[in-house]
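Welcome, and please get your viewer ready.

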Amino acid sequence: MYGAELADVYEAVYRSRGKDWNAEALFIAELIRDRFPAADSLLDVACGTGAHLAGFAKLFGRTEGLEYAEAMRAVAERRLPGVPLHAGDMRDFRLPARFDAVTCMFTAISYAGTLAGMRATVRCMAAHLVPGGVLVIEPWWFPEKFIDGYVSGEVVRDGDRTIARVSRSTNESGVTRLEVRYVVASAAGITQFTEVDRLALFTLDEYLCAIEDAGCAAEFRPPDPSGRDAIVPAGRGLFVGVKRA
């Protein structure tokens with residue numbers, strides 16, 4: 001998953017859906033500073049192509065990223081030449097620095113795979129916070145909200161190329177199997193590829209317990225029907241933890 005072919009079209013597809021990484025970064029920065037007004041350093045875990053991190057870099061004095069997928073990290077490195085980007089597994093990483101905030105955006109936490117993996121990820125992230133630091137996690141769907149057999153599709157015009165994407169999601173013993181097929185047409189020809197992702201379905205209580213057990217006061221912030229929460233237009237909400245002293 002997350003190979004070079006996907007890295008090349010990833011942002012174009014989600015931009016066509018109205019995703020605004022800079023607006024989301026601003027919203028998250030405000031949320032963080034509501035709890036820790038002096039926050040000025042941030043680690044973005046599973047930072048992908050660095051789209052959120054680019055926004056955070058404008059809002060925090062020190063930013064760093066962690067990304068496992070080499071192709072996605074390569075895009076981030078080209079975008080953010082002055083930002084330290086670490087290769088690593090979110091379930092087991094150790095960096096020398098501590099941060100005022102740690103984020104894990106766009107449902108990346110679901111790639112932890114198992115409940116034990118998710119709890120390990122949360123522990124690692126919390127361990128990189130200073131006392132009073134803020135942890136922000138954007139989850140995947142809760143099991144009761146997931147629609148088994150859900151299908152979607154779109155066609156995107158991106159400069160001189162057209163991208164078609166269709167997907168189907170199924171529940172396989174508490175893990176979403178998300179199969180996505182892409183067709184990319186340009187003057188050079190037509191290519192196609194398939195990505196199969198597995199995103200674990202954790203409950204609200206499992207997230208809250210993991211955050212609390214990692215030494216943070218935990219809260220769930222449900223989506224705002226008014227649309228103020230630009231980060232959660234799909235209605236998944238956010239988890240916020242504050243590191244205890």
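**Stop one: the core**

Keep in mind that this model is predicted. Begin with the largest nonpolar core, which has 81 residues; Ile32, Val122 and Met125 have the most contacts inside it. Now select Met125 and show what surrounds it. Beyond its neighbours within four places in sequence, Met125 is in contact with Val45, Phe93, Val102, Cys104, Ile109, Leu135 and Ile137. As a rule, nonpolar side chains in soluble globular proteins tend to be buried together.

**Stop two: charged pairs**

Select Arg79 and Glu11, whose side chains meet in a salt bridge at 2.8 Å, N to O. This pair links distant parts of the chain: Arg79 sits in helix H4 (residues 70-79) and Glu11 in helix H1 (residues 4-16), 68 residues apart. Glu11 counts as buried because its relative accessible area, 10%, is under 20%. Arg79, at 35%, is partly exposed.

Move on to Asp213 and Arg119, another salt bridge, with 2.8 Å from N to O. Here too, distant parts of the chain are linked: Asp213 belongs to helix H6 (residues 204-213) and Arg119 to helix H5 (residues 115-127), 94 residues apart. Asp213 is exposed at 53% relative accessibility, whereas Arg119 is partly exposed at 26%.

Next, pick Arg177 and Glu179, joined by a salt bridge of 2.9 Å, N to O. Arg177 is partly exposed, with a relative accessible area of 22%.

**Last stop: a network**

Finally, select Asp8, Asp158 and Arg161 together: a network of salt bridges links them.

Terms used:
Residues are numbered from 1 along each chain as its sequence is written. This is a predicted model: local features need pLDDT of at least 70, side-chain atom pairs count only at pLDDT 80 or more; totals for chains, interfaces and linings use all residues. Side-chain values use heavy atoms; hydrogens and water are left out. A nonpolar core is a set of buried Ala, Val, Leu, Ile, Met, Phe, Trp, Tyr and Cys residues joined through side-chain atoms within 4.5 Å. Buried means under 20% relative accessible area, exposed over 50%, partly exposed in between (1.4 Å probe, protein chains only). Contact means heavy atoms within 4.5 Å. A salt bridge is a side-chain nitrogen of Lys or Arg within 4 Å of a carboxyl oxygen of Asp or Glu. Helices (H or I, at least four residues) and strands (E, at least two) are DSSP runs, numbered from the N terminus.
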